[in-house]
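Please keep the structure in view while reading.

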Amino acid sequence: MTQENLVVCTKCGVVNRLPLSRNGADAKCGKCGALLFPGFPQDIDAANFDRQIGRGSLPVLVDVWAPWCGPCKAMAPAYEAAARALEPHIRLVKLNSDKEQAVAARLGIRGIPTMILFRRRREIARISGAMTTNQIVAWVRGHVPTGTN
């Protein structure tokens, strides 16, 4: 039996099967053709958030942010660089707390930026405040060693 990851497309929400033996860097969605790992975190809506957490097999790091938040804007390049370092072993996405207020409330967001790490449908870690790329990568790898699901 082939080992595979289930990767949810951030564009259309379809679940894609990605064999572990395949390089995920060039993998595309079977439905919409978008790169599954485009090299930077995608903004997702509530439905895609629920699919990422509930249907994908990869650990998911969610950056909860807002466009008016100075620390969020300052951390954005570091989070993008962290995506290049961690994907395709960890899915990195962004959730705009202004657009997705119901999800932010359900997650109990008190301040932003807040990063929440999910694994196997459960929250395993949370941290608030702006971080550097190295801090983000070290924090994630401290909870989910690279290459493990």
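Helices here are DSSP runs of at least four residues and strands are DSSP runs of at least two, both numbered from the N terminus. On that basis, the protein chain has four helices and seven strands. The model is predicted.

**Overall make-up**

- The C-alpha trace spans about 45 × 30 × 25 Å along its principal axes.
- Of the 149 residues, 46% are buried.
- Among contacts with a separation of 6 or more, 62% are between residues 24 or more positions apart.
- The protein chain exposes about 7500 Å², and carbon and sulfur atoms supply 52% of that area.

- Is strand 5 enclosed or open to the outside? Six of the six residues of strand 5 (residues 91-96) are buried, so this strand is largely enclosed by the rest of the structure.
- In a regular strand the side chains alternate between the two faces of the sheet.
- In strand 5, Arg-91, Val-93 and Leu-95 point one way, while Leu-92, Lys-94 and Asn-96 point the other way.
- Both of these sets are buried, including the residues Arg-91 and Lys-94.
- Strand 3 (residues 42-43) pairs with strand 5 in the parallel sense over two bridges, and Asp-43 stands opposite Lys-94.
- Strand 4 (residues 60-65) also pairs with strand 5 in the parallel sense, over six bridges, and Val-64 stands opposite Leu-95.
- Between strand 4 and strand 5 the chain passes through helix 2 (residues 70-86), making a right-handed β-α-β crossover.

**Nonpolar cores**

- In soluble globular proteins, nonpolar side chains tend to be buried together.
- Which residues have the most contacts inside the largest nonpolar core? They are Leu-61, Leu-92, Met-115, Ile-136 and Trp-139, in a core of 18 residues.
- Helix 2, strand 6 (114-119) and helix 4 (133-143) each supply at least two residues of this core.
- Helix 2 gives the largest share of this core, six residues.
- Apart from its neighbours within four places in sequence, Ile-136 is in contact with Leu-61, Met-75, Ala-78, Tyr-79, Ala-82, Met-115 and Met-131.
- A second, separate core has 14 residues, among them Phe-49, Val-60, Val-62 and Leu-95.

Terms used. Residues numbered from 1 in each chain as written. Predicted model: local features only at pLDDT ≥ 70, side-chain atom pairs only at ≥ 80, totals over all residues. Heavy atoms only, no water. Buried < 20%, exposed > 50% of the residue type's maximum accessible area, 1.4 Å probe, protein only. Pairing = 2+ DSSP bridges. Right-handed = clockwise from strand over helix to strand, strands pointing away. Core = buried A, V, L, I, M, F, W, Y, C linked by side-chain atoms within 4.5 Å. Contact = heavy atoms within 4.5 Å. Areas by Shrake-Rupley, 256 points an atom, 1.4 Å probe, with all protein chains shown as cover.
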